[in-house]
Amino acid sequence: MAVALVAGGALAGLVFQAGRDWSGAFSAFDGYLLRVARFTLFQAVLSTVLSVGPAIFVARAFSRQQAFPGRALMLRLFAVPLALPAIVAALGVLALYGRAGIFSGAFSRFAGGDWPGIYGLSGILIAHVFFNLPLATRLFLQALDTVPDDQWRLAAQLGMGARPAFRFLEWPAMRASLPGIAGLVFMLCVTSFTIVLLLGGGPRATTLEVAIYQALRFDFDPARAVALTAAQIGLTLAIFIAITRFGGDYTAAATLSVARRRYAATGQGERLCNLLVIAAAFFFVAGPMGAVVVAGLGADLGRLALDEAVRRAALTSLALAVPAALLSIGLSLALVACRRVLEYGRRERPASWLEWMSGSGASLVLVLPPTVIGAGWFVILLRLGNLYAAAPAMVVVVNALMAMPFAVRVVRPAYDAASARNERLCDALGIAGWNRFKLIDGPVLARPLGTALAFAMALSLGDLGVIALFGSDSVQTLPYLLMQRMGSYRTEDAAGIALLLGVLCLGLMAISDRLGRDAA
Amino acid sequence: MTGRSGLEIALEKVAFRYAEMVMGFDLRFAAGSVTAIMGPSGAGKSTLLNLVAGFEAPSGGRILIGGENVTGLPPAAHPVSMVFQENNLFSHLDVAANVGLGRSPSLKLSGEDRAAVSDALARTGLSGKEKRLPSALSGGERQRVALARVLVRDRPVLLLDEPFASLDAALRREMTDLVGELHSRIHMTILMVTHDEQDARQIADRVVRIEDGRIAGSDAVEAPSPGGRLPESGGE
């Protein structure tokens, strides 16, 4: 059982180990690092404000318009960015607003010159808002759903219009979850790698994550990478602690809100406003997705399917994603079981640190973004000399760890519930070990495990963070190939691959979602 | 508080479909009367109240309050106050604000409104607790706040949907007495859903029984004196 702890702990330890060895690391804390750190925070703050602020109004509009055609479909669409690999989204944003994008003609005329495209801060912000506005909207909507039905009825009886209802009902409900949601979005933006790598462009718009990558892949400056890594860990740890203090749930997953009866009478004017807000959000979110589809279908898909490199990359992706997903749920199950055994054993005594570790260990993984873990290993493997040979193993392990917070979140309630029901009976009947898993716990956990498995696979398929460090001509996954084709301006190929990747990940997410919903 | 009396409530061939159940109500409640609504869970007791309050719209028939057709009007246009079993208060607003909402849904209170609020709080035994938050009140006190809001709203109809069901027997009796006392001053028409026969007899002058979405019976209560003592019956 301790395997899980060791795996997680060792990685963290190794990163620090690497840090200690390189005394040069300290000299790397210079102006460059400060500038990068400042930009990291700056773009994250802006992204958070631009995502969360509008989300409040979009969620309110959705909540007040409980019935209009396509509402459920739209909310489902709002879950898609969560499942979309960042690289695909980045491509979609470029295809829409980029220099050669669909809107570039219109923008050029508007700007009275050549549209320069959206590389740099604006590109990063648009992509981040594309990801996080729908996420925040769905989370706010969940918060609004916690308002008891009686209170909506009361508000209707007291004759509250839109303003008082917002002031007395909606805003208090949303304010309670605001710190958690803002914290989550902020964290996601601070650790964003792919978006910044693809849309950042130039040293003026670089975050710590991308700087780590550049230090390792292009400058071969491990000392600087270690310094950057330390800064990144410090930063994310501080934010993580802050979020936990606020009581936010960092691993929050957005479930679909069910349409409920609302008693508030909305006037024509308000209805129009709400629908306008919703439509604006819809086009913003649907735009890049549509662009990916349009551009992807425009590519020569038949030729791509026969392209040796594409087929090899697809196979490599699957070959890496399957073990990563299996490893992820294996570790998660071990962690969950470990926590439960400790909890069950102690009965009324307070929790030990080991129980706490196994309970929140998975969330701690979030403090170490894939690039950071990858960078730690990169430095170590560089000294051992077999850097690219270890690439597949690295991708599998790091992607497995990345998916763990989610996997634990899905598996733990089911496992704990099953354990609470069966523990005494199994003890009495002497059912233990593998028999117990096969006969008792296994069937109960099949669905949650399936959910976690599909999710972990999708995450691993779409990840660019680790493969960007370890990828080479011999080991290429789909995202890596996609990045290369974009880099060499083979835009059509890139669009086709993006479509393929997007469809794969969405398919897996849909399976995960379906299994999760039926289990609930 | 004008002390004006209640209005007659009439449900004329009211039909309502809830899931597979088709409900039909056709009855009148006299102005100023107190009626206990009883019957098994899911029989349609709360639906009856929701129809009168305007939270549900009937699929057929008319609902008249004081002779005026209110069918299909928004809840705020129905001259009723309703008290639920819980969630009657906004948890982030203090007692005075929760009551004040009964006067102005945007909490813009005049001096007169404020006076009415403190008067209502005094009558419900809540003086001195104006600044408390609902979380610092007991279950009984929270329902008292809801009743205080009923007083400042001063509507001719009061709907009580098992408002005291989560309180213990002694407190329930006390709260029911309070409702009886308020009724003896204001004479609003009261419909009260309850499971407790004794509560019903304590305050109501009529008991209407509902089964499967229909009126199954209607009996006058022999001793309609509010707060009157009755021999201990079997309870629940």
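This is a predicted model: local features need pLDDT of at least 70, side-chain atom pairs count only at pLDDT 80 or more; totals for chains, interfaces and linings use all residues.
1. Division of chain B. Domain 1 of chain B is made up of two segments, 1-79 and 155-236, whereas domain 2 covers 91-154. Taken over C-alpha atoms, the centres of domain 1 and domain 2 of chain B are separated by 23 Å.

2. Interface within chain B. Here 19 residues of domain 1 of chain B are in contact with 12 residues of domain 2 of chain B. Together the two domains of chain B bury about 1500 Å², and carbon and sulfur atoms carry 62% of this area. B:Glu174 and B:Arg144 form a salt bridge in which the closest N and O atoms are 2.7 Å apart.

3. Elements on the domain 1 side of chain B. Strand S7 (157-161) and helix H5 (169-186) of chain B are the elements that give two or more residues to the side touching domain 2. The most comes from H5(B), with 8 residues. By class, this side of domain 1 of chain B holds 14 nonpolar, 1 polar and 4 charged residues.

4. B:Asp113 lies in helix H3 of chain B, which spans residues 111-123. B:Asp113 counts as buried because its relative accessible area is 13%, and the cut-off for that class is under 20%. Leaving aside residues up to four places away in sequence, B:Asp113 touches B:Arg103 and B:Lys108.

5. Interface within chain A. Chain A is divided into domain 1 (26-298) and domain 2 (300-520). In chain A, 41 residues of domain 1 are in contact with 41 residues of domain 2. The area buried between these domains of chain A is about 3300 Å², with 77% given by carbon and sulfur atoms. A:Ile87, A:Leu91 and A:Arg217 supply 18% of the area that domain 1 of chain A buries against domain 2, more than any other three residues.

6. Elements on the domain 1 side of chain A. The helices of chain A that each supply at least two residues to the side touching domain 2 include H5 (86-97), H11 (208-217) and H13 (268-298). H12(A) gives the most to this side, with 8 residues. The classes on this side of domain 1 of chain A are 29 nonpolar, 8 polar and 4 charged residues.

7. Interface between the chains. The contact takes 24 residues from chain B and 17 residues from chain A. Chain B and chain A bury about 2000 Å² between them, of which 59% is on carbon and sulfur atoms. On the chain B side, B:Phe55, B:Phe90 and B:Pro105 lose the most area to chain A, together 30% of what that side buries. The rule finds 0 salt bridges between chain B and chain A, but 7 residue pairs in polar contact, both at pLDDT 80 or more.

8. Elements on the chain B side. Helix H1 (45-53), strand S6 (80-83) and helix H4 (139-153) of chain B give two or more residues to the side that touches chain A. S6(B) gives the most, with 3 residues. By class, this side of chain B has 13 nonpolar, 7 polar and 4 charged residues.

Technical notes:
Residues are numbered from 1 along each chain as its sequence is written. Chains are lettered from A and ligands numbered from 1 in the order in which they are written. Side-chain values use heavy atoms; hydrogens and water are left out. Domain bounds come from an automatic or database domain assignment. Contact means heavy atoms within 4.5 Å. Buried area is the accessible area (1.4 Å probe) that two parts lose on being put together, summed over both. Helices (H or I, at least four residues) and strands (E, at least two) are DSSP runs, numbered from the N terminus. Ala, Val, Leu, Ile, Met, Phe, Trp, Tyr, Cys and Pro count as nonpolar, Asp, Glu, Lys and Arg as charged, and the others, Gly among them, as polar. A salt bridge is a side-chain nitrogen of Lys or Arg within 4 Å of a carboxyl oxygen of Asp or Glu. Buried means under 20% relative accessible area, exposed over 50%, partly exposed in between (1.4 Å probe, protein chains only). A polar contact is a pair of N or O atoms within 3.5 Å; within protein, one must be able to donate a hydrogen and the other to accept it, and residues adjacent in sequence count only if both atoms are side-chain atoms.
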